[in-house]
Amino acid sequence: MANEDGISRRSFVGGAAAGALFTIVPRSVLGGAGATAPSEKLNIAGIGVGGRGFGDLRNMESENIVALCDVDHGYADRVFKHFSDAKKYKDYRRMLDEQDDIDAVMIATPDHTHAVIAMAAMEAGKHVYCEKPLTHDVREARALAEAAEENDVCTQMGIQGHSMEGARLVREWIQAGVIGDVRKVEAWCDLSYYPAGHAYWSPPILRKPEKGMQKPDGLDWDIWLGPQAMRPFHRAYHPGCWRAWWDFGNGMMGDRGVHTLDPVVWALDLGLPTSIGARSMHLNPDTHPLASIVTFEFPARNDMPPVEITWYDGLRPPRPEALEPNRIMGDKGGGTLFRGSEGLLTCGIYGSGPRLIPESKNKEFLKNRPKKTIPRVKVSHQQDWVQACKEGRKPGAHFGYGSHVTEICVLGNIAKRVDDRIEWDADAMKVTNVPEANKYVACEYRDGWSL
């Protein structure tokens, strides 16, 4: 990536990378480059701290929060006050260049800037915790997974359910054959951005505004836009409403789909889909649709049969006949239903509260459930990453895994955008049957920005 003056990302952070590695490597008593001794505290910088990032940093307060970077200092003011000793920045590039005591970064910016920031941090030798979804497109997801390996840094995507009990139970039960062969899965999020402005995360308008608005004092709109094309500021984008816009967010598929499909991918050892079909309501070129149904086809794996996963966006799937009238599937707002050859299993958004259907079968099953075989994470998802940085190991949602789940969800969005069935050649990273869909595989960056 280069800034507006044409300085390349490598030259901009190169000095910082060399300095950071020189400082950190001698402390790497347990692992690869950048690992920190367990007796020491990490020096963590937060990038994009005004919203979800504050919660992530609160779960990292055992460490030294040494820098805070946010393009909107007014929006992030409460975080600056909470971590009053941290140095403050608007431009992450300047922070990485100037502050050489940073060991690790937490990224919670809008989706469209995840990749460029995470890449710059990893090439500067920093461990990275990045909120979900990991990236805005497929190319970025592949690039970040490769960069994490090449730079030997510890990474984690912010899908906290992956560190919780429910996702582990789902995998253990599915792998033990409790419901037999799984050939169909239904997952859903029944939230919608429509009607406009009905919630804080729903923008007041759902088509690109013709005129801009006066931007808030303290906001650097140019850096907020990052690799996306310049446009006037509008409250419909920031703060909090950017997820609804194709240019900035991945919609419910990226916001909730990565959480809900995580235990599905993990339990069924899923690779990448070979085809994805979508049908949407109120599809438009600016914002995510009112509702969608997306169907993924996955091939057989090892001794597991092919599986069809149907994602309901803004909708719920039909209730199975065996579900009692007074029971709900999943959680309020979303969940998953596994249809096996020998039974049904439902769980919540994060894999939480797994239960068999009907309740009578669940009660009988719980008397003799399979043994727990997967190690449990006894700290928060964020703290598991902190500990992994110090121990020189990979946490569960490292970028290799996080990029995989993200790619599946991004492919679902591509099918939505073309409102068709697409065939995916994963090796070539190409849609083979709908040529116009390939422009969404690697979105165009504006001049001055690149991976």
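Helix 6 (residues 138–150) and helix 13 (residues 399–418) pack at an angle of about 175°, with their axes 9 Å apart. Helix 6 is therefore roughly antiparallel to helix 13 (angles over 145 degrees count as such). Axes here are lines fitted to C-alpha atoms over the stretch in contact, and angles run from 0 to 180 degrees between N-to-C directions. Helices are DSSP runs of H or I with at least four residues, and strands are runs of E with at least two, numbered from the N terminus.

This is a predicted model, in which local features need pLDDT of at least 70 and side-chain atom pairs count only at pLDDT 80 or more. Residues are numbered from 1 along each chain, and side-chain values use heavy atoms, without hydrogens and water.

On the helix 6 side, the residues that meet helix 13 include V138, L144 and A148; their partners in helix 13 include F399, V410 and I414. Contact means heavy atoms within 4.5 Å.

Most residues other than glycine have a negative phi, and most peptide bonds are trans. The bond from H238 to P239 is cis, with omega near 0°, and P239 is found in the loop between helix 8 and helix 9. Likewise, the bond from I357 to P358 is cis, with omega near 5°; P358 sits in the loop between strand 13 and helix 11.

N302, not a glycine, has a positive phi near 45° and lies in the loop between strand 9 and strand 10. N302 is exposed, at 81% relative accessible area (exposed means over 50%, with a 1.4 Å probe and protein chains only).

Key
Parallel < 35°, antiparallel > 145°, perpendicular 65-115°, else oblique. Buried < 20%, exposed > 50% of the residue type's maximum accessible area, 1.4 Å probe, protein only.
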